[in-house]
Protein chains: 4
Amino acid sequence: MQLGMIGLGKMGANMVARLREGGHTVIGFDLSPQSGRDVESLEALIEALEAPRVIWLMVPAGKPTDDTVERLAQLLDEGDLVVDGGNTKFTDDQRHAKLLAEHQIGFMDVGTSGGVWGRENGYALMVGGTQQDYERLLPALQTLKPQGDSGLVHAGPVGAGHFTKMVHNGIEYGMMQALGEGYSMLESSELVDNPHDVFDSWREGSVIRSWLLDLLVRALEDDEGLCHIAGNAQESGEAKWMVETALHMGIPLPVTAASLFARQSSQIGDPNTMKVVAALRNQFGGHAVTHE
Amino acid sequence: MQLGMIGLGKMGANMVARLREGGHTVIGFDLSPQSGRDVESLEALIEALEAPRVIWLMVPAGKPTDDTVERLAQLLDEGDLVVDGGNTKFTDDQRHAKLLAEHQIGFMDVGTSGGVWGRENGYALMVGGTQQDYERLLPALQTLKPQGDSGLVHAGPVGAGHFTKMVHNGIEYGMMQALGEGYSMLESSELVDNPHDVFDSWREGSVIRSWLLDLLVRALEDDEGLCHIAGNAQESGEAKWMVETALHMGIPLPVTAASLFARQSSQIGDPNTMKVVAALRNQFGGHAVTHE
Amino acid sequence: MQLGMIGLGKMGANMVARLREGGHTVIGFDLSPQSGRDVESLEALIEALEAPRVIWLMVPAGKPTDDTVERLAQLLDEGDLVVDGGNTKFTDDQRHAKLLAEHQIGFMDVGTSGGVWGRENGYALMVGGTQQDYERLLPALQTLKPQGDSGLVHAGPVGAGHFTKMVHNGIEYGMMQALGEGYSMLESSELVDNPHDVFDSWREGSVIRSWLLDLLVRALEDDEGLCHIAGNAQESGEAKWMVETALHMGIPLPVTAASLFARQSSQIGDPNTMKVVAALRNQFGGHAVTHE
Amino acid sequence: MQLGMIGLGKMGANMVARLREGGHTVIGFDLSPQSGRDVESLEALIEALEAPRVIWLMVPAGKPTDDTVERLAQLLDEGDLVVDGGNTKFTDDQRHAKLLAEHQIGFMDVGTSGGVWGRENGYALMVGGTQQDYERLLPALQTLKPQGDSGLVHAGPVGAGHFTKMVHNGIEYGMMQALGEGYSMLESSELVDNPHDVFDSWREGSVIRSWLLDLLVRALEDDEGLCHIAGNAQESGEAKWMVETALHMGIPLPVTAASLFARQSSQIGDPNTMKVVAALRNQFGGHAVTHE
């Protein structure tokens with residue numbers, strides 16, 4: 001099928017490549033002239049696509065996606081379809097869908113997992129939208145997904161794709177933190193000769209065998225002892241949204257929240273919270289305080 | 001090679017079967033006459049094995065293992081080797097090794113993962129002991145492990161096998177809880193049509209693809225909505241030991257601890273902690289309290 | 001000074017009583033005829049007050065408060081002042097203030113702590129609004145607050161009062177949970193004869209002496225062993241908002257979140273999260289599952 | 001009454017002063033000649049005391065206390081009484097009591113709270129031991145405790161004093177962390193003018209009024225914004241022991257553990273756990289990693 005792709009960053013460009021290898025015609029646009037774009041403007045992209053058009057967005061979540069959807073609402077025609085493949089918060093999908101619907105333009109949200117490996121392995125795709133739109137997009141989805149039976153789900157109506165991706169990433173946070181805690185134990189133990197060998201051995205037969213474990217072994221192959229990697233990690237939004245959403249659903253998420261807090265803490269140099277604890281210890285116990 | 005196996009429960013019997021299929025001679029003993037044991041007493045087991053003997057224990061951790069090791073210290077001969085394949089706490093390994101060493105009997109600890117699937121897939125094996133003992137046991141280990149390159153590690157000296165297994169299980173706790181939290185979100189969301197389909201789709205291409213995810217899909221195939229499973233889970237010891245050990249190492253384990261606490265909480269019917277919170281709310285706010 | 005009070009529930013009625021004891025003229029209105037209201041309608045309340053009026057709301061947060069503010073925006077005159085003393089989320093204050101400002105009506109938010117004891121001891125008051133409005137309301141605030149030097153703060157502009165109250169309640173959650181965890185330990189220990197005596201002893205000299213500790217001792221006096229109190233506790237909103245707000249500020253709140261999660265968990269009968277953990281244990285280990 | 005005091009550090013010296021002001025005769029010994037000790041050796045201390053003797057230890061927990069108890073077991077006479085007022089782990093009390101009992105020497109454990117303020121305000125005392133020993137020590141306990149009705153409890157048999165003190169300190173950890181989290185919110189909010197004023201206002205009328213809150217206000221008076229205090233805090237042992245003990249009792253302590261983990265995390269410069277998270281993000285997402 002023919003698609004337009006807006007956003008030719010790491011993810012977008014890889015998806016274009018995989019789609020083209022699968023026989024689809026993709027016309028790419030990006031704001032940056034260095035992106036290898038096929039057309040130089042949104043208008044030119046729309047001009048180049050045959051109606052009814054399908055346009056896939058791989059644009060940063062938030063304002064960039066908001067702006068793009070708003071412009072497309074003005075520029076596209078009745079019967080066109082916009083697919084948001086980025087990391088948009090699921091609550092924004094309703095707003096985008098409604099805006100486009102006012103112009104009889106369709107909307108789908110596709111949560112996408114697989115990272116830089118997706119071009120080769122395929123992407124896990126979580127789709128929100130109507131059954132009709134899902135079937136319309138299916139040829140492209142079939143190409144983007146991995147080759148096996150799994151890797152693609154029509155999760156529900158608009159918003160369900162990004163909701164599902166949000167949950168996926170929340171689980172990912174917990175798994176990564178669990179692996180990190182285990183590594184810390186092995187690394188600090190005098191009993192264990194080589195944590196790298198242990199993780200490598202777990203790749204088969206163990207209950208925790210997983211792709212993240214495979215990646216950790218790769219990371220340890222690249223950098224034994226992880227000496228060249230700083231002990232702090234950013235958060236990307238989804239786990240935060242998941243905890244926020246769960247608060248309102250009344251679902252306790254101790255592990256997801258703890259994983260998020262660990263990342264946040266790792267980014268804070270001199271936390272006010274611990275200043276208070278240190279100050280109180282000083283007040284009641286005369287415990288020495290590290291003055292800065 | 002020839003081995004004695006003490007403990008013919010679910011794990012022990014499966015390991016005997018896999019060892020025999022691999023061409024080894026295994027003589028099994030269990031306290032229970034219904035176990036399918038080959039001999040009727042520890043003495044008969046020792047009698048039946050050619051010296052120098054190798055005896056593998058798959059006995060419940062704690063007193064049963066302690067008692068067995070103590071009896072073996074009395075009954076075995078110089079040069080024999082005892083292998084503890086159960087879930088013993090790593091700090092007990094030193095004690096067992098020392099006791100056996102007084103009689104010139106060797107000791108190894110082998111952490112074993114893979115559950116009921118191990119007979120077919122092989123077991124992930126984490127070994128603690130000397131290099132010499134490791135090599136002596138290697139033929140059996142090679143048979144028990146999965147067929148690929150991974151699944152076996154000589155983690156370090158005595159204790160390292162069970163330490164490593166303890167850490168493995170701690171990671172397992174975190175991963176399981178992460179999956180559980182994600183499932184809760186999907187199950188309670190009005191957006192998502194079918195959590196089962198979502199988990200199934202994640203088996204390929206996604207960052208969280210893992211054996212535990214595969215098993216969850218199996219569980220959902222068996223029991224859609226997990227309606228026949230009660231929402232509480234026991235803890236088996238290892239995560240508790242891992243948190244305990246980390247306390248003394250000064251390593252914070254927020255996710256492992258939270259996973260353990262979630263299981264403990266699920267087992268407590270009417271927690272005193274929450275009685276206090278409810279009582280305080282009643283005291284200062286006059287909030288209604290559910291009287292029992 | 002003269003005030004109107006809307007909402008004559010437990011909190012509102014007590015505040016009216018304290019204000020009247022302090023020499024203020026208060027005209028009370030409530031939707032319920034059984035409330036002991038002085039007037040039978042909002043219109044009658046406004047009629048009865050001399051302009052420029054001050055009207056204090058003690059109405060449930062959310063829709064009831066929203067509705068009341070919207071009606072007051074229609075009914076009040078330029079120069080009148082609305083004070084929200086309820087538990088409104090601070091982000092709603094901006095909206096209410098803006099709506100009223102369109103009619104030249106002032107707005108203040110006053111977070112109020114002290115519970116059912118406030119009538120006797122005074123209320124801790126956290127005020128958001130302009131300096132001018134604060135001074136206008138000061139006579140009433142001086143009466144409502146406790147008699148000492150503390151208990152009243154002009155925390156900042158509109159919203160600061162409820163923000164501060166939200167944080168107060170978040171701290172309260174953590175303190176209550178900490179006391180609960182300590183009580184659980186004492187109650188379950190074979191070493192400790194009587195947890196009640198221990199808590200009573202901590203009321204003087206100890207580092208943790210506090211009003212909440214005093215209240216816990218009262219609760220134990222009323223109900224030794226807290227036998228008549230069920231081990232579950234509701235959450236009232238503020239801690240949830242605090243965690244939500246912190247997520248966006250990038251501030252990790254492990255203790256506040258854990259306290260909130262403990263309450264949420266205590267309300268869930270058969271948690272899906274633990275069903276997954278139990279199902280997975282069953283899948284890989286053949287562990288018995290409690291079928292319902 | 002007459003007592004010997006071993007250990008004239010900050011706590012011990014203050015207790016000697018309060019005891020002497022209360023009319024008791026105290027003979028002090030410390031290893032350090034600069035301590036203001038009354039006698040120069042343990043032997044001289046024993047010589048100077050009339051039998052049956054009472055000797056109070058304020059010695060660091062662990063080896064120093066172990067060594068002192070062992071020497072006292074050799075040096076003291078039948079009918080003497082040793083009181084451990086330090087921060088010994090409750091599980092060590094049994095051992096000490098047993099050793100001393102072999103020589104017909106009595107033992108009590110007294111958990112002591114109140115910090116540097118205890119000399120003036122009195123100490124909260126939590127006592128473990130027999131009723132007979134408790135009554136024997138009562139004159140000294142009455143002097144050390146605060147002047148009101150509270151502040152002293154005979155918690156149970158040997159070990160109960162330190163167990164209770166351990167729980168006290170665990171609660172203290174949770175309360176301090178809760179205050180710290182609240183402070184972080186106020187400090188980072190653009191709405192709140194001055195966190196110091198807010199905390200000060202909470203000292204009366206609020207639900208969270210407490211001595212720790214008073215101390216935090218003092219700390220903010222000394223150092224507005226806590227600019228001179230580093231954002232990290234040590235842990236002193238008791239919360240760690242409480243979590244460890246709870247693990248074995250099957251009692252989940254999410255808030256106490258989170259408070260402990262926050263302190264541990266604040267002491268770790270470049271945590272291995274977060275290196276793993278960062279390394280994994282790099283592996284699957286190509287996310288930039290801060291190379292050191």
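Buried means under 20% relative accessible area, exposed means over 50%, and partly exposed lies in between, with a 1.4 Å probe and protein chains only. By that scale Gln104(C) is partly exposed, at 47% relative accessibility.

This is a predicted model, where local features need pLDDT of at least 70, side-chain atom pairs count only at pLDDT 80 or more, and totals for chains, interfaces and linings use all residues. Residues are numbered from 1 along each chain as its sequence is written, chains are lettered from A and ligands numbered from 1 in the order in which they are written, and side-chain values use heavy atoms, with hydrogens and water left out.

**Chain A**

Chain A holds 12 helices and 7 strands. These elements are DSSP runs numbered from the N terminus: helices are H or I with at least four residues, strands are E with at least two. Along the principal axes, the C-alpha atoms of chain A fill a box of roughly 75 × 45 × 40 Å. Of the 292 residues in chain A, 64% are buried.

Contact means heavy atoms within 4.5 Å. Take the contacts in chain A between residues at least 6 apart in sequence: 63% of them join residues at least 24 apart.

The accessible surface of chain A is about 10,300 Å², and carbon and sulfur atoms account for 46% of it. Such areas come from the Shrake-Rupley method with a 1.4 Å probe; for residues, only the protein chains shown count as cover.

Chain A carries 21 positive and 40 negative side chains. Lys and Arg count as positive, Asp and Glu as negative; His and the chain ends are not counted. The centres of the two sets lie 3 Å apart. Each charge is placed at NZ of Lys, CZ of Arg, CG of Asp or CD of Glu.

Glu238(A) sits in helix H10 (residues 238–249) of chain A. Glu238(A) is buried, with a relative accessible area of 3%. Not counting residues up to four places away in sequence, Glu238(A) touches Asn87(A), Lys165(A), Met166(A) and Asn169(A). Ile268(A) is 30 residues from Glu238(A) along the chain, and their C-alpha atoms are separated by 20 Å.

**Chains A and B**

The size of an interface is often given as the accessible area lost when the parts come together. Here, the area buried between chain B and chain A is about 5,600 Å², with 72% from carbon and sulfur atoms. Buried area is the accessible area (1.4 Å probe) that two parts lose on being put together, summed over both. Met185(B), Leu191(B) and Val207(B) supply 14% of the area that chain B buries against chain A, more than any other three residues. In residue terms, 74 residues of chain B are in contact with 74 residues of chain A.

Copies are superposed by least squares on the C-alpha atoms of residues with pLDDT of at least 70 in both.

**Chains A and D**

Chain D superposes on chain A by a rotation of 180° with 0.0 Å of shift along the axis, at RMSD 0.0 Å. That is the relation of a two-fold axis. Ser265(D) has the C-alpha nearest the axis in chain D, 4.2 Å from it. The copies meet through the same surface, because 98% of the interface residues of chain D are also interface residues in chain A.

Val192(D) lies in the loop between helix H7 (160–188) and helix H8 (195–201) of chain D. Val192(D) is buried, at 6% relative accessible area. Leaving aside neighbours within four places in sequence, Val192(D) is in contact with Ala155(C), Phe163(C), Thr164(C), Leu186(D) and Val198(D).

**Backbone points**

| Feature | Angle | Loop |
|---|---|---|
| cis Ala51(B) to Pro52(B) | omega near -5° | Pro52(B): H2 (42–48) to E3 (54–57) of chain B |
| cis Ala51(C) to Pro52(C) | omega about -5° | Pro52(C): H2 (42–48) to E3 (54–57) of chain C |
| Gln104(C), positive phi | phi about 55° | H4 (90–101) to E5 (106–113) of chain C |

Leu226(C) is buried, with a relative accessible area of 0%.
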